Amino acid sequence: MATDAPPPSTEQHRLPTTEEFTEVQESAEFGELRRSHRSFAFPLTIGFITWYLLYVLLSNYAGDFMGTKLFGNINVAFVFGIAQFLTTFLIAWWYSRHAAAKLDPKAEAIKSRMEGGA
Amino acid sequence: MSIAQQSVLAASEASEHRPLIISLFAVFVVATLVITIWAGRQTKDAADFYAGGRQFSAFQNGLAVSGDYMSAASFLGIAGAIAIFGYDGFLYSIGFLVAWLVALLLVAEPLRNSGRYTMGDVLAYRMRQRPVRTAAGTSTIVVSIFYLLAQMAGAGVLVSLLLGITSDLGKVAIVALVGVLMIVYVSIGGMKGTTWVQMVKAVLLISGTLLITFLVLLKFNFNISDLLGSAAENSGKGAAFLEPGLNYGATGTSKLDFISLGIALVLGTAGLPHILIRFYTVPNAKAARKSVNWAIGIIGGFYLMTIALGFGAAALISQEEIIASNPSGNTAAPLLALHLGGVDSAWGAVLLATISAVAFATILAVVAGLTLASSSSFAHDIYANVIRKGKATEKEEMKAARWATVFIGIVSIALGALARDLNVAGLVALAFAVAASANLPTILYSLFWKKFTTQGALWSIYGGLIVAVGLVLFSPVVSGAPKAMFPGVDFAWFPLKNPGIISIPFGFLMGWLGTVLSKEEPDTGKYAELEVRSLTGTGAH
């Protein structure tokens, strides 16, 4: 905590001008940050929503399959439901790892340069 | 012994221990009021009031987010839906959880980086301020009031079970009490007080749920298959109870309703204003991300336990008793606590009282979060930026927020009395549908679509909002069905209970259409600011 940037509400940084923002937005460095975020988050979002909708549709239209008993009273539907929990935990962990490794360093470099007024 | 007698027995057993129940309620109320007053003294400026001073840690906020999110719908509603419909009730848990990924991957961090106090800050960032802020404020208040309605219904139901209050006057009095408390929490404690109340509630709710889950599993020697088997058998529906379809499988229309609900749940969370403003309470976007991760862990664990709660209730209590107590199953969780302890024993009464107090705490904390979101948006978006055109002082803005709190409290008390017999999870799903139709498209377009214009933003907010609310109005939720708000009349021509399948694509479509038909050019300079800020945190408050 102490090594991080000080809480933003107590210390106001200089807010860069619109021209500076536009220049950064068009820079290759920012383009790379944008691409690292979008190329990870967008397909993954489509992926987990599809996976979830598959579960919803199977529940609706594949009752026999979902009702198949696997062991004891545990059926496919139940396992499918639990799998949704597991994939949610997994994706959250995966995204956070990606963000810490690929997004945070780039974002911080740009931020400190812009706020430093270089 | 007839079912009616059994149920009366349960209620009278409960009312014998009324002093205990009331004391537990009172302890929670007093404790939270102390917190509120303490927090009120620490609240000096607008950043304190709206954003709790932005000094909460990621874990604290994760806990508070969980406390804000696990509402009466999650606790009473899902347990009840599973207890009555078996597997079909489980969809709520899954949708409510998966939805967090949308918030994590696309919304939480950019919002924290570029906004200040409200959802409207981000929506209006690159647009003409006054019209977009008016729209954002309107939709924030509408979504929050839908959500409030569900919590109020839960409060009324709970208290009538516990205190044996069956008269309408008694229920209205309880709803009014909840309303007054929430006005006090929010207007005095602001975001700081609300956050602490939500943290305390999250800890209570998780502990209470752990206890009941443990007791249920103990009965079945920790064999989940046995638990499910007993639930199926005791429900009288056999294996079908464990398969999809009991609630939604009957007809083509009801299957469509299931899809509609599923879509609304997964896309709603990231558009809920009372959840979004929680991300302003941490110092930066990284902490916002971490708090979502904590929330996903806590909420996921909780929803896994609702499986034990719902199927446990189905296994240990007769269907007739669950339905006699509340037609939508909203009281299944407290009844389960009573049965686990033993209907005629003091232990049973203690458990019932504890779980009920937890449910009561749950409702109060969520209601406070919702009230804060809507009064913040009124004061910051509509009063300060539209009515006063940005010239209001912080003091005036906070004063407006406090008055808005009182007003919203009164409105929700009035509406709460109307929605008593609806399943609270179903009601919350409507709030999700409205949020996903009006807010989510606008948030995503604003953050990620360069060409998005003011007209696009207005069309997506109002288009999504009007269609979602309009379809609900003409759905079986409001009229034309036995459990409707107005069962005596029938003006329902829209067959689905949840409008999401129509209104969400409509919201997205209108945002696109409004933009391509727009005569004005998008403000590219402002978008450069928003995009760079949202991804890097430059100049974040």
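Reader: Among contacts in chain A between residues at least 6 apart in sequence, what percentage join residues at least 24 apart?

Author: This is a predicted model, in which local features need pLDDT of at least 70 and side-chain atom pairs count only at pLDDT 80 or more, while totals for chains, interfaces and linings use all residues. Residues are numbered from 1 along each chain as its sequence is written, and chains are lettered from A and ligands numbered from 1 in the order in which they are written. Two residues are in contact if their C-beta atoms, placed from the backbone, lie within 7 Å. Among the contacts of chain A between residues at least 6 apart, the share that joins residues at least 24 apart is 60%.

Reader: In what order do the elements of chain A run from the N terminus on?

Author: Helices (H or I, at least four residues) and strands (E, at least two) are DSSP runs, numbered from the N terminus. On that basis chain A has 4 helices and 2 strands, and from the N terminus on they run α-α-α-β-β-α.

Reader: What percentage of the 118 residues in chain A are buried?

Author: A residue is buried if 20 or more other C-beta atoms lie within 10 Å of its own, exposed if 12 or fewer, and partly exposed in between, with C-beta atoms placed from the backbone. By that count, the buried part of the 118 residues in chain A is 27%.

Reader: Which helix of chain B gives the most to the side of chain B that touches chain A?

Author: In the interface, 49 residues of chain B are in contact with 49 residues of chain A. The elements of chain B that give two or more residues to this side are helix 6 (87–114), helix 10 (224–235), helix 11 (252–268), helix 13 (285–316) and helix 21 (524–536). The element that gives the most, with 10 residues, is helix 6 of chain B.

Reader: How do the residues on the side of chain B that touches chain A divide by class?

Author: Ala, Val, Leu, Ile, Met, Phe, Trp, Tyr, Cys and Pro count as nonpolar, Asp, Glu, Lys and Arg as charged, and the others, Gly among them, as polar. Sorted in this way, the side of chain B that touches chain A has 26 nonpolar, 16 polar and 7 charged residues.

Reader: At what angle do helix 13 and helix 15 of chain B pack?

Author: Axes are lines fitted to C-alpha atoms, for helices over the stretch in contact, and angles run from 0 to 180 degrees between N-to-C directions. In helix 13 of chain B, L309(B), G310(B), G312(B), A313(B) and L316(B) meet A332(B), A333(B), L335(B), L336(B) and H339(B) in helix 15 of chain B, a contact with 7 nonpolar, 3 polar and no charged residues. The axes of helix 13 and helix 15 (residues 332–341) lie 9 Å apart, and the packing angle is about 60 degrees.

Reader: Is I322(B) buried or exposed?

Author: I322(B) is found in helix 14 (residues 319–325) of chain B. Not counting residues up to four places away in sequence, I322(B) touches A83(B), I84(B), A313(B), I317(B), G329(B), A332(B) and L335(B). With 24 other C-beta atoms within 10 Å, I322(B) is buried.

Reader: Where in chain B is N221(B) placed?

Author: Phi of N221(B) is near 50 degrees, a positive value in a residue other than glycine, whereas most residues other than glycine have a negative phi. N221(B) is exposed, with 8 other C-beta atoms within 10 Å. Its place in chain B is the loop between helix 9 (168–219) and helix 10.

Reader: How many other C-beta atoms lie within 10 Å of K389(B)?

Author: K389(B) is found in the loop between helix 16 and helix 17 (394–416) of chain B, and its phi is near 50 degrees, a positive value in a residue other than glycine. K389(B) is exposed, and the number of other C-beta atoms within 10 Å is 10.
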